[in-house]
Structure formats: structure tokens, C-alpha cells
Amino acid sequence: ATMTVVRDGRMVLNRASGTTIDGAAASSDSPMVVASVSKLLTALMIARLDEAGSIDVDAPMPWSDIVPTHPGWVDVTVRELLVHTSGMPVVRRAWFDGGISCADFLPTLLDRPPTNTRGRWTYSIGNYCALGLLVEHMTGLPLDAAARSLLFDPIGSTGIHLTTDGQLPTDIAYGLG
């Protein structure tokens, strides 16, 4: 765990406890998993690509360039994926356990038309799985490298990273479940 308190732009408390994967003492700069916060990073990458004119969030998702789908997905927009109104099936089991990638998993959700929840907010990790693949397609980079290019480098951040291929030795360990 880490805690940093800033008042009036000045750090007044900075503490950490625990160890990193390589056994070193954790510091307030030690990366740790933030789980669904990564969806915010993916949404910000989409916003950056939209702002640059590389994509249009109100246009249909370019599925045929990314992953095979049922024809019923042809008019689902990037914005619908962003706001969980695409009709993406809900998956209750954890599938990000290192055993399968978005590119491998997503086709199993898209082999039939959107569900009858299309147009209503219904949380599904598949939406952001698809958006991550869109970022990779549009940038030509793996998602972690795209995040570095679009988000972290412009603000001069050197400690933040996406964990797409497992944790780094300097990360604070976590257990699934």
C-alpha cells in the first residue's frame, strides 16, 4: 500500500509498505495494479485519437479491420463501446488471468448479434477489450506502447505502465481473485 498527501501543492506525507515482486521494499513510486482504472486510460487514448482526427467516436467501429464479427455489429459505434451501450454480451467469469488475449477472446462475444441491451448501459469488459484493439490498430503499436506514446510520455511520466505481458519485477505483486 502507498499513501501520499499533498496540501496546497506541497507533499506533507509520503508512506509505503510491502514489497515488490523482486523483494525490494515498496515505495510510493512502486507501480501497483489499479484494475479497472485502466479503462480510463483506454478511454483517454480513444479521446486522443478522436481529437487527432484518426478516428471518429460517432462512426461505426471498424470491426473488419480488427476482429471478425456477426453482421449485426456493423453499425455499433466507438461511442457505444465507450459508454457500455453496444449490446456487448456480459461475461461473468474472469478471463484476464494470463491465459487468453483480447484478440483471442473477443470473437467469442461477437459471433452473434448485439444483445437486447443495446442502447442501455450494461457493463461488459468486452467493450474495452474492443477499444484496446482499436487503439492498437490505429497506432500500429501494442496497447502498452500506445499508452506510453499517447498518454505517459507527453506528461513526462516514467513510472506508470500498462501490464499487458505480466508484471515487472519492480511492481507490487497482486493475486487474482
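**Close-up views of a predicted model**

In this predicted model, the count of disulfides comes to one, taking a disulfide as a pair of cysteine sulfur atoms within 2.5 Å.

**View 1. The disulfide between Cys-102 and Cys-129.** The two cysteines that form the disulfide are Cys-102 and Cys-129, and their sulfur atoms lie 2.2 Å apart. The pair links distant parts of the chain, since Cys-102 belongs to helix 4 (residues 102-109) and Cys-129 to helix 5, with the two cysteines 27 residues apart.

**View 2. The protein chain as a whole, for orientation.** The protein chain has six helices and two strands, and when it is read along the sequence these elements follow the pattern β-β-α-α-α-α-α-α. Along its principal axes, the C-alpha trace of the protein chain spans about 55 × 35 × 30 Å.

**View 3. The hairpin of strand 1 and strand 2.** Strand 1 (residues 2-7) and strand 2 (residues 10-16) run antiparallel and are joined by six bridges. One of the residues to look for is Val-5, whose bridge partner in strand 2 is Leu-13. Two residues lie between the strands of this hairpin, in which Asp-8 takes a positive phi near 50°.

**View 4. The packing of helix 1 against helix 5.** Helix 1 (residues 37-51) packs against helix 5 (residues 125-139) at an angle of about 45°, and the axes of the two helices are 10 Å apart. The two helices are therefore described as oblique to each other, and helix 1 passes helix 5 in a left-handed crossing. From helix 1, the contact is made by Lys-39, Thr-42, Ala-43, Met-45, Ile-46 and Leu-49, while helix 5 contributes Ile-125, Tyr-128, Leu-131, Gly-132, Leu-134, Val-135, Met-138 and Thr-139. When the residues of this contact between helix 1 and helix 5 are sorted by class, they divide into ten nonpolar, three polar and one charged.

**View 5. The packing of helix 5 against helix 6.** Helix 5 also packs with helix 6 (residues 143-152), here at an angle of about 70° and with the axes 9 Å apart. Angles of 65 to 115 degrees count as roughly perpendicular, and helix 5 and helix 6 are therefore roughly perpendicular to each other. The contact is made by Gly-132, Val-135, Glu-136 and Thr-139 on the side of helix 5, and by Leu-143, Ala-146 and Leu-150 on the side of helix 6. By class, the residues in this contact of helix 5 with helix 6 are four nonpolar, two polar and one charged.

Technical notes. Residues are numbered from 1 along each chain as its sequence is written. This is a predicted model: local features need pLDDT of at least 70, side-chain atom pairs count only at pLDDT 80 or more; totals for chains, interfaces and linings use all residues. Side-chain values use heavy atoms; hydrogens and water are left out. Axes are lines fitted to C-alpha atoms, for helices over the stretch in contact, and angles run from 0 to 180 degrees between N-to-C directions. Helices (H or I, at least four residues) and strands (E, at least two) are DSSP runs, numbered from the N terminus. Angles under 35 degrees count as roughly parallel, over 145 as roughly antiparallel, 65 to 115 as roughly perpendicular and the rest as oblique. A crossing is left-handed if the near helix is turned anticlockwise from the far one by less than a right angle, and right-handed if clockwise. Contact means heavy atoms within 4.5 Å. Ala, Val, Leu, Ile, Met, Phe, Trp, Tyr, Cys and Pro count as nonpolar, Asp, Glu, Lys and Arg as charged, and the others, Gly among them, as polar. Two strands pair if DSSP finds at least two bridges between them.
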